Amino acid sequence: MDIRIPVSVCQYDELAKQEQELIDLAKATTQKSYSPYSRFSVGAAALLADGTVVTGSNQENAAFPSSTCAERTTLFYANSQYPDTPVTALAIAAQTGGKFTDAPITPCGACRQVILGTETRFGQTMRILLYGSKEIYIINGARSLLPLSFDGSEME
Ligand code: THU
């Protein structure tokens, strides 16, 4: 088996205005991060099917494992406030030392699983926009971030 993952690598100017705005919001939301321990400020912005946009940032705790990443903060908030509205796109950005990362920020394993769970819940994949100041990665659907994934279908 040879699993290949399609990733579009592009520049900000090449994106549609709506996607640029989603990235702008993810970048702005890094300012709301509470990350005194890692000093790594992550912001995310989710676009919902009806045009609603929800943002979130990483929130840390002195008991490190009790912290939550920006992606999960955002998706769980979106899903709890708008339980009937699919998420169609998710943008993520991060800054450290006062500047955005050169390379795109890629979600941790737990967040990939939650992105997949949101897609499964609504039966709709999302466009995942990973921002880096040098380039942006676009990935269509969490399965590309999480090959051989567990989505619960095996339990049925
Ligand atoms: N973090 C995120 O919020 N999202 C990611 O995609 C990677 C990591 C957070 C978790 C922790 O607060 C800090 O960044 C360092 O790992």
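**View 1. Aromatic pairs: this structure holds 2 of them, counting Phe, Tyr and Trp rings (for Trp, the six-membered one) with centres within 6.5 Å; planes under 30 degrees apart are stacked, over 60 edge-to-face, and the rest tilted.** Y37 and F64 form a tilted pair, because their planes stand at 50 degrees, with ring centres 5.4 Å apart. This pair joins distant parts of the chain, 27 residues apart. Y37 sits in the loop between α1 (17–29) and β2 (40–48). F64 sits in the loop between β3 (53–57) and α2 (70–81). Helices (H or I, at least four residues) and strands (E, at least two) are DSSP runs, numbered from the N terminus. The model is predicted, so local features need pLDDT of at least 70 and side-chain atom pairs pLDDT 80 or more, while totals for chains, interfaces and linings use all residues. Residues are numbered from 1 along each chain as its sequence is written, and side-chain values use heavy atoms, leaving out hydrogens and water. Y37 is partly exposed, at 42% relative accessibility. F64 is exposed, at 55%. Here buried means under 20% relative accessible area, exposed over 50%, and partly exposed in between (1.4 Å probe, protein chains only).

View 2. F100 belongs to strand β5 (residues 99–100) and Y131 to strand β6 (residues 127–131), so the pair ties together parts 31 residues apart in sequence. Is Y131 buried or exposed? Y131 is buried, because its relative accessible area is 9%. F100 also has a charged residue over its face: K27, at 5.0 Å from the ring centre. A charge counts as over a ring if NZ of Lys or CZ of Arg is within 6 Å of the ring centre and within 35 degrees of the ring normal.

View 3. Polar side-chain atoms of several residues face ligand oxygen atoms. For N58 the distance to a ligand oxygen is 2.9 Å. For E60 it is 2.5 Å. For E71 it is 2.5 Å.

**View 4. S57 is found in strand β3.** S57 is buried, at 6% relative accessibility. Its side chain makes a polar contact of 2.9 Å with that of Q59. A polar contact is a pair of N or O atoms within 3.5 Å; within protein, one must be able to donate a hydrogen and the other to accept it, and residues adjacent in sequence count only if both atoms are side-chain atoms. Leaving aside neighbours within four places in sequence, S57 touches T29, K32, S33, V42, G43, T68, C69, A70 and T73. Contact means heavy atoms within 4.5 Å.

**View 5. Helix α1 has 13 residues.** From first C-alpha to last, α1 reaches 18 Å, close to the 18 Å expected at 1.5 Å a residue. The expected span is 1.5 Å times one less than the number of residues. Buried residues in α1 are E19, Q20, L22, I23, A26 and T29. They pack against β2, β3, β4, β6 and β7 (136–140).

**View 6. Helix α3 runs over residues 109–122.** Its 14 residues should span 20 Å, and its end C-alpha atoms are 20 Å apart, which agrees. C111, R112, V114, I115, L116, T118, E119 and F122 are buried. These buried residues pack against α2, β4 (87–96) and β6. Just after α3, G123 takes a positive phi of about 65 degrees.

**View 7. R143 lies in the segment after β7.** R143 is partly exposed, at 45% relative accessibility. Which residues does R143 contact, leaving aside neighbours within four places in sequence? They are L116, E119, S149 and D151. R143 and L116 are 27 residues apart in sequence, yet 6.9 Å apart from C-alpha to C-alpha. With S149, the R143 side chain makes a side-chain polar contact of 2.8 Å.

**View 8. R4 lies in the segment before β1 (8–10).** R4 is exposed, at 68% relative accessibility. A polar contact of 2.7 Å joins its side chain to that of D2. R4 and P147 are 143 residues apart along the chain, with C-alpha atoms separated by 9.1 Å.
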